[in-house]
Amino acid sequence: MNIKKQFIGGSWVTSHAGATRDIINPYNQELVAKVTESDESDAKAAIMAARKAFDQGNWSTIPAIERSKMVHDIADLITRDREELAELESLDTGKTVEESRGDMDDIAGVFRYFAEMADKDGGAIIESPIPHSTSRVVCEPVGVCGQITPWNYPLLQASWKLAPALAAGNTLVMKPSEITPLTSIKVFELMEEAGIPAGVINLVLGPGDSVGAELSASDDVDLISFTGGIETGKRIMQAASSNVKNLALELGGKNPNVVFADADFETAVDQAMNAVFFHAGQICSAGTRLIIEETIHDDFVNALVDRVQNIKLGNGFDEATQMGPLISADHLNKVINYVENGKKEGATVAVGGGRPDDPELQHGFFYLPTVLTGCTTDMGVVQDEGFGPVITVETFATEDEAIRLANDSIYGLSGGVFTHDIAKAERCVAKMRMGTVWINDVNLYFPQAPWGGYKQSGIGRELGKTGLEEYQETKHIFQNLKPEPVKWF
Ligand SMILES: NC(=O)c1ccc[n+]([C@@H]2O[C@H](COP(=O)([O-])OP(=O)(O)OC[C@H]3O[C@@H](n4cnc5c(N)ncnc54)[C@H](O)[C@@H]3O)[C@@H](O)[C@H]2O)c1
Ligand SMILES: C[N+](C)(C)CC=O
């Protein structure tokens, strides 16, 4: 089996130490690929390549329209190789190929969106309050960007960083999750094919505590953009303080989905499932906290249980499969313990609550879609991000109580409200402390709208205009048109 390599300074190279890592299919634990395993010295080499390319200016100073064209070309290549990319993503993560195909379309859309933005805004003229002067603002690239991504949406999360960084004229070093590097490797091949100059894009493959830590701490990195867990985010924030790097953090969520009794019942049940069981709940914005008006609790839970027990688990490559496995044995154990703790805290398992019996699923990291009732905000299972196919159910009697429960979290990534009463929905939305709130829908995101968290769900916003601005420095340029001595001294 060929060993997949890292990409440094325009060349595909094996790691300095020669170590390798096996990439495993979480559906059956079969070997999918072998990749080179980078270490700190590889990260340093990649940072130096990005630094040199930035300082030479052969990307940052070319006309923005040329950058725009090349970022468009990357989108076209992703569309050309959509099926191959989708299959790689499913082999690596276990998610259904149908979901992966949707991801690839979203990813191509992200590159197109930022390609369009690259040459649209040349800055602004300011009305100077000083006579005989001009004042203007221009945007420049930040410099060398370190980009660290998680395993749950490997290429989607990478695209939210790669596309705006390139559009804005930066150079970069990306480190995907060591568990799921395959689509990132492939997209670096496509970016090379699109003609991105050597040194502008660099890819290192390896663990977070060495390679990722080097990117976060290096004085030659100007910005670190991280998507992943809250504890890692805190470590990166500390490391980034070494040279006061620009910092963007997209962290976890424990997202409420508030359902009022006047909501369309079928839709709310259906969407409560979509909120949490896509990709086996391994979604930062999964609606894992169902908060239902108490008058409909029993009917709602019964309807949910009826449907949840029919979710078809299996191989993501099988058209009939609705939910794949969890990412790894470690993560499966974490979800098992999370539910067991919930039971000890007093939660009741309405459906699921363990591994499936099906002999065909025994080699994969499967966990049954699970509904826990009788939950309260003081429980760990309600407060902690389990990152599995597990939904907790709480009830409320009044609108104020619903909002209080929804906001009772250290996180603030996203939330949903289901009601026919638009005024009530707007009142709730205004009080919900989250970066994204959906009314009568769940889990929607698109390149035009910003994405990010309140509270401990992160710092900054990806996507939208703000997604480009994260990769830009703003410079004010003042010019005195009638210079003469001031004679203050
Ligand atoms: N807010 C969002 O948009 C968003 C999107 C996707 C995932 N997430 C979050 O990601 C988490 C799941 O992903 P994960 O388990 O891969 O997260 P993780 O924090 O374990 O790892 C994420 C990345 O950080 C690297 N890393 C680990 N330790 C590091 C260190 N000390 N320094 C630098 N890098 C380090 C890892 O190698 C990986 O590439 C969940 O909490 C989820 O909510 C958030
Ligand atoms: C940001 N999103 C929803 C695409 C993936 C979160 O894990």
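A polar contact is a pair of N or O atoms within 3.5 Å; within protein, one must be able to donate a hydrogen and the other to accept it, and residues adjacent in sequence count only if both atoms are side-chain atoms. The model is predicted, with local features needing pLDDT of at least 70 and side-chain atom pairs pLDDT 80 or more, while totals for chains, interfaces and linings use all residues. Residues are numbered from 1 along each chain as its sequence is written, chains are lettered from A and ligands numbered from 1 in the order in which they are written, and side-chain values use heavy atoms, without hydrogens and water.

**View 1. Surroundings of ligand 1.** Around ligand 1 there are 29 residues, of which T149, E178, T232, L251 and E385 come nearest (a residue is near a molecule or strand if one of its heavy atoms lies within 4 Å of it). The side chain of E178 places an N or O atom 2.6 Å from an oxygen atom of ligand 1. For E385, a polar side-chain atom is 2.6 Å from an oxygen atom of ligand 1. The side chain of W451 has an N or O atom 3.0 Å from an oxygen atom of the ligand. On its own, ligand 1 has 850 Å² of accessible area, and the protein covers 89% of this (Shrake-Rupley method with a 1.4 Å probe; for residues, only the protein chains shown count as cover).

**View 2. Surroundings of ligand 2.** The residues surrounding ligand 2 are N152, Y153, L156, Q157, W160, I283, C284, S285, Y445 and W451. The protein covers 98% of the 250 Å² of accessible area that ligand 2 has on its own. By class, this shell holds seven nonpolar, three polar and no charged residues (Ala, Val, Leu, Ile, Met, Phe, Trp, Tyr, Cys and Pro count as nonpolar, Asp, Glu, Lys and Arg as charged, and the others, Gly among them, as polar). A polar side-chain atom of N152 is 2.7 Å from an oxygen atom of ligand 2, and a polar backbone atom of C284 is 2.7 Å from an oxygen atom of the ligand.

View 3. D22 and K34 form a salt bridge through their side chains, 2.7 Å from N to O (a side-chain nitrogen of Lys or Arg within 4 Å of a carboxyl oxygen of Asp or Glu). D22 is in strand β4 (residues 20-24) and K34 in strand β5, so the pair ties together parts that are 12 residues apart in sequence. Helices (H or I, at least four residues) and strands (E, at least two) are DSSP runs, numbered from the N terminus. D22 is partly exposed, at 41% relative accessible area, and K34 is partly exposed at 25%. Buried means under 20% relative accessible area, exposed over 50%, and partly exposed in between (1.4 Å probe, protein chains only).

**View 4. The salt bridge of K175 and E178.** The closest N and O atoms of K175 and E178 are 3.3 Å apart in a salt bridge. K175 is buried, with a relative accessible area of 2%, whereas E178 is partly exposed at 23%.

View 5. The side chains of K234 and E231 meet in a salt bridge of 3.6 Å, N to O. Both residues lie in helix α8 (residues 230-240), three residues apart, about one turn of the helix.

**View 6. Q271 and D441.** Q271 belongs to helix α9 (residues 265-277). This residue counts as buried because its relative accessibility is 13%. The side chains of Q271 and D441 make a polar contact of 3.2 Å.
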